[in-house]
Amino acid sequence: DDLGFIRTLTQQFEAAVPTSTAYLIGFSNGAKMAFSVMCNEPELFAAFAAIEGPPTSTCTTAVPKPVLVGVGAQDDALLGKSDLRPAQDVLDSIIATWRARDQCETPAPTQVLGTATVTTWSCNAPAGSEVVAAIWSQLAHDWPIGSQVGGAAAAGATLIWALFTRAAPPPPN
């Protein structure tokens with residue numbers, strides 16, 4: 001029961017650290033799990049990131065949340081051998097779903113950071129939310145570390161931290 005485990009772990013953490021905010025990051029199969037968690041237990045996390053793994057099913061119950069979805073343009077493991085769509089098409093499909101859910105507006109100008117092309121949409125639900133798409137042109141099925149993707153600004157951790165920082169709830173009064 002992966003969902004039950006994540007729910008229990010998150011609840012125990014928040015009980016131990018009551019002023020905390022939880023975020024979720026998944027890579028490959030973990031990214032697929034992150035989508036599943038956000039579809040079934042969205043209240044557990046303030047925002048999430050899914051790198052190199054598409055959702056495994058259509059999610060009709062998810063609530064809007066800030067998200068970063070990233071893929072490597074050279075990732076031949078992204079969908080498996082039965083689906084040979086380019087990584088950009090996979091990314092566009094995932095992002096379209098989350099943009100509709102979060103009621104996102106026209107994207108900000110696309111940024112090129114190292115080998116990453118990053119597009120961010122401002123969203124209305126919840127107000128101030130964002131949907132971020134990142135595609136690394138030279139990356140296969142690997143975690144996007146700075147030395148592989150053209151520097152720290154293009155690293156997955158940097159992009160994710162920036163989203164989570166912007167998505168953080170305001171401190172209590």
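## Contacts along the chain

Take the contacts in the protein chain between residues at least 6 apart in sequence: 53% of them join residues at least 24 apart. Keep in mind that this is a predicted model.

## Elements and overall shape

The protein chain has five helices and seven strands. Starting at the N terminus, they come in the order α-β-α-β-β-α-β-β-β-β-α-α. The radius of gyration is 16 Å, close to the 16 Å that the globule rule gives for 173 residues, so the chain is as compact as a globular protein of that length.

Of the 173 residues in the protein chain, 43% are buried. The chain exposes about 8,800 Å², with carbon and sulfur atoms supplying 56% of that area.

As for charge, there are 8 positive and 15 negative side chains, and the centres of these two sets sit 3 Å apart.

## A look at helix 2

Helix 2 covers residues 29-40, which makes 12 residues. At 1.5 Å a residue it should span 16 Å, and its end C-alpha atoms are 17 Å apart, so the two values agree.

Which residues of helix 2 are buried? They are Ala31, Ala34, Phe35, Val37, Met38 and Cys39. An α-helix has 3.6 residues a turn, so residues three or four places apart point the same way. Ala31, Ala34 and Phe35 are among the buried ones to look at with that in mind.

What covers these buried residues includes two helices, helix 1 (2-16) and helix 3 (87-101). Strand 1 (23-27), strand 2 (47-51) and strand 3 (67-72) are also part of the cover.

Conventions:
Residues are numbered from 1 along each chain as its sequence is written. This is a predicted model: local features need pLDDT of at least 70, side-chain atom pairs count only at pLDDT 80 or more; totals for chains, interfaces and linings use all residues. Side-chain values use heavy atoms; hydrogens and water are left out. Helices (H or I, at least four residues) and strands (E, at least two) are DSSP runs, numbered from the N terminus. The expected span of a helix is 1.5 Å times one less than its number of residues. Buried means under 20% relative accessible area, exposed over 50%, partly exposed in between (1.4 Å probe, protein chains only). Contact means heavy atoms within 4.5 Å. The radius of gyration is taken over C-alpha atoms; the globule rule is 2.2 Å times the number of residues to the power 0.38. Accessible areas come from the Shrake-Rupley method with a 1.4 Å probe; for residues, only the protein chains shown count as cover. Lys and Arg count as positive and Asp and Glu as negative; His and the chain ends are not counted. The place of a charge is taken as NZ of Lys, CZ of Arg, CG of Asp or CD of Glu.
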